[in-house]
Amino acid sequence: MSNDPAPRRWLITGANSGFGDSFARAALAAGDVVVAAVRRPETVAALAAAHPGRVTVVELDVRDAAACARAVEAAGRVDVLVNNAGYGIVGAVEETSEEEFRDALEVMFHGPLRLTRLVLPQMRARRGGTIVQVTSMGGLLAFAGTGAYCAAKGALEQASEALAVEVRPLGIGILIVEPGAFRTSFAGPALRRSAPLDDYAATAGATAATLSASDGTQPGDPDKAAAAVLAALDLPEPPLRLALGDDAIAAIRAKLAAVAEDLDATAHLGQYTSV
């Protein structure tokens, strides 16, 4: 009798491109099976055809609560949920409409949490499973023009940090993945740009221009990112956060240093308020 462990079953949102495609192919290469949740099922037809019986395709827009419930039901057992679906949006806070803020939060915060809550009952019953939240280095820091995007990613990070403490005693793991600049479609033609105002041309406008110019030349390789995620999941003590890319590691270190600097500079004011 074989002692090989049963293949893990992955539910991956946005599995048709970028990180999602890389995660799906890495999981399949590891001998696992994949439920690819995408808005347009035809975009993963080739992947499914190349792996008969090992790829299930479900149609999903994470904004749709009923569709999320159907996707989880169709997936059956979920050992690893990867909340990856999202998009890039650039605009100064004043430039960004309430509708744009709400949609960013719906896709990159409420949608992932909705799917997380849907898979947790089965994971609790089994006392096992892992939820991978694909955020960004922008989940821990923000710069001009990224207010909506970083608000959504940061909210997901904070909810996931609390969740990790809640579910760790139940045998469930949480991994927050924080990529830097990778060669995905993030900065391509699909990058959303809020209606610009001249006063923000040197700040948010510069960010938009830099992102668009970087499309296709970013330093990060999504396939290497997927390999790093699988390696992290297989560690004896998986981390809560995994920063991906030299740029993300450097930027997050700089953010932590800046926070420490502010604390050191103002501690005497904050401590004065304690009774």
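Contact, as the word is used in these legends, means heavy atoms within 4.5 Å. All views show a predicted model.

View 1. Q133 belongs to strand 6, which covers residues 129–134. Not counting residues up to four places away in sequence, Q133 touches N83, P112, T116, L156, S160, L175, I176 and V177. With one of these residues, T116, the side chain of Q133 forms a polar contact through its own side chain, at 3.4 Å. Because its relative accessibility is 0%, and buried means under 20%, Q133 counts as buried.

**View 2. S160 in helix 5.** S160 is a residue of helix 5, and its side chain reaches the backbone oxygen of L156 at 2.7 Å. Once neighbours within four places in sequence are left aside, the residues in contact with S160 are Q133, I174 and I176. The relative accessible area of S160 is 1%, so this residue is buried.

**View 3. The packing of helix 4 against helix 5.** Helix 4 (residues 98–126) and helix 5 (residues 147–167) pack with their axes 7 Å apart and at an angle of about 20°. Since angles under 35 degrees count as roughly parallel, helix 4 is therefore roughly parallel to helix 5. The crossing of these two helices, helix 4 and helix 5, is right-handed. On the side of helix 4 the residues that meet helix 5 include F101, L105, M108, F109, P112 and T116, and among their counterparts in helix 5 are Y149, K153, L156, L163 and V167.

**View 4. Strand 9 beside strand 7.** Strand 7 (residues 172–179) and strand 9 run parallel and are joined by four bridges, and E178 stands opposite A243 in strand 9. In a regular strand the side chains alternate between the two faces of the sheet.

View 5. S185 is found in the loop between strand 7 and strand 8, the latter comprising residues 192–193. From C-alpha to C-alpha, S185 and A67 are 24 Å apart in space, and in sequence they are 118 residues apart.

How values were computed: Residues are numbered from 1 along each chain as its sequence is written. This is a predicted model: local features need pLDDT of at least 70, side-chain atom pairs count only at pLDDT 80 or more; totals for chains, interfaces and linings use all residues. Side-chain values use heavy atoms; hydrogens and water are left out. Buried means under 20% relative accessible area, exposed over 50%, partly exposed in between (1.4 Å probe, protein chains only). A polar contact is a pair of N or O atoms within 3.5 Å; within protein, one must be able to donate a hydrogen and the other to accept it, and residues adjacent in sequence count only if both atoms are side-chain atoms. Two strands pair if DSSP finds at least two bridges between them. Axes are lines fitted to C-alpha atoms, for helices over the stretch in contact, and angles run from 0 to 180 degrees between N-to-C directions. Angles under 35 degrees count as roughly parallel, over 145 as roughly antiparallel, 65 to 115 as roughly perpendicular and the rest as oblique. A crossing is left-handed if the near helix is turned anticlockwise from the far one by less than a right angle, and right-handed if clockwise.
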